[in-house]
Amino acid sequence: MSPAEAKHRELTGSRLQAYLRLFGVNPVAIFSSYRFSDDERFLVDVFVFPLDADEPIVAAVTNGMSNQRMVDANDPTRFARREMIQYFRICDEEHARRLREMAWAPLFERLYIDSHLTLQWPHAAVPGTPWNNAFFLDPIVRQHRDFRFAIEGDEVSFLWHIPISDAEREYKISHGSNGLIDLMEVANLPWIFDENNRPPLLL
C-alpha cells in the first residue's frame with residue numbers, strides 16, 4: 001500500500017464519521033476512486049446519501065479532496081480543504097465520475113478553488129449536453145452550508161458543484177459571479193441537477 005493510499009484510508013474514516021453525523025444514514029452507493037482511475041496520488045471517492053425518505057433526492061459528496069490543502073498561488077498563507085457536493089434524483093456512474101473530476105482537478109493542477117469561482121472542463125457528464133464547465137457556490141441546503149469538520153487540524157467544508165455551459169461561463173467572466181447568480185434566480189434554476197430539466201440561463 002502506498003503512503004497516499006494509507007493516508008486516504010485513514011482520513012476516510014474521519015470523513016465518513018462526519019458524513020454519518022450530517023446525513024444520519026449510511027450511503028446508498030459508493031463509487032471508488034479506483035473505478036475511474038488507478039492514480040494513487042489523488043484518491044477521491046464519491047458517496048451518495050439519501051436526503052428524503054419520501055422523495056428520490058440524493059446528495060453526492062466526494063471523499064478525498066480534503067486529503068490535501070489547496071493553496072492560493074498568489075498568497076501561500078491562504079489555503080483551504082474542501083469536499084464537493086451535488087444534488088440529484090439519481091446519481092449514476094457518469095455523474096459520480098464528473099463530481100470526482102471536479103474534486104481531483106484542483107489537486108492535480110495545484111489550483112485554489114473556492115465559492116463563486118469557475119472551472120473550465122472539456123466535456124459534460126452526459127455527452128451531447130452543454131453543461132461541461134463548473135460554477136462553485138456554498139451549498140444551497142443550510143445544514144450542508146454550515147457543516148464543518150476537521151482533517152489534520154484544518155477545517156473542511158463543502159463546495160456545491162453547479163454545471164454550466166461555455167456561454168454561461170463567459171457571462172460570469174464578463175458580469176461577475178453575482179451576474180450569473182442573478183440569471184440563476186431569474187431562470188429558477190433547479191437545485192437538483194437533471195440534464196433533462198435544466199433551463200438555459202442565456203436565451
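Modeller: Here is a walk around strand E3, starting with how to read the model.

This is a predicted model, so to speak, in which local features need pLDDT of at least 70 and side-chain atom pairs count only at pLDDT 80 or more, while totals for chains, interfaces and linings use all residues. Residues are numbered from 1 along each chain as its sequence is written, and side-chain values use heavy atoms, with hydrogens and water left out.

Let's find the strand. Helices (H or I, at least four residues) and strands (E, at least two) are DSSP runs, numbered from the N terminus. Buried here means under 20% relative accessible area, with exposed over 50% and partly exposed in between, using a 1.4 Å probe and protein chains only.

Now look along the strand. In a regular strand the side chains alternate between the two faces of the sheet. In E3, Val58, Ala60 and Thr62 point one way, Ala59, Val61 and Asn63 point the other way, and all are buried.

Who sits beside E3? Two strands pair if DSSP finds at least two bridges between them. Strand E2 (residues 45-50) runs antiparallel to E3, joined by 6 bridges, and Phe49 stands opposite Ala59. Strand E5 (residues 75-88) is also antiparallel to E3, with 4 bridges, and there the bridge partner of Ala59 is Tyr87.

With strand E4 (residues 70-72), E5 runs antiparallel through 3 bridges, and a hairpin of 2 residues joins E4 to E5.

Stay in E5 and find Gln86. Its relative accessible area is 2%, so Gln86 is buried. The Gln86 side chain makes a polar contact of 2.8 Å with the side chain of His161. A polar contact is a pair of N or O atoms within 3.5 Å; within protein, one must be able to donate a hydrogen and the other to accept it, and residues adjacent in sequence count only if both atoms are side-chain atoms. Setting aside neighbours within four places in sequence, Gln86 is in contact (heavy atoms within 4.5 Å) with residues including Val58, Ala59 and Ala60.

Next comes the packing. In soluble globular proteins, nonpolar side chains tend to be buried together. A nonpolar core is a set of buried Ala, Val, Leu, Ile, Met, Phe, Trp, Tyr and Cys residues joined through side-chain atoms within 4.5 Å. The largest one here has 30 residues, among which Met84, Cys91 and Phe136 touch the most other members. E3 is among the elements that each supply at least two residues of this core, and helix H2 gives the largest share, 7 residues. Cys91 is in contact with Val58 and Ala60, among others, once neighbours within four places in sequence are left aside.

Finally, helix H1 (residues 3-23) has 21 residues.

Note on methods:
Expected span 1.5 Å × (residues − 1).
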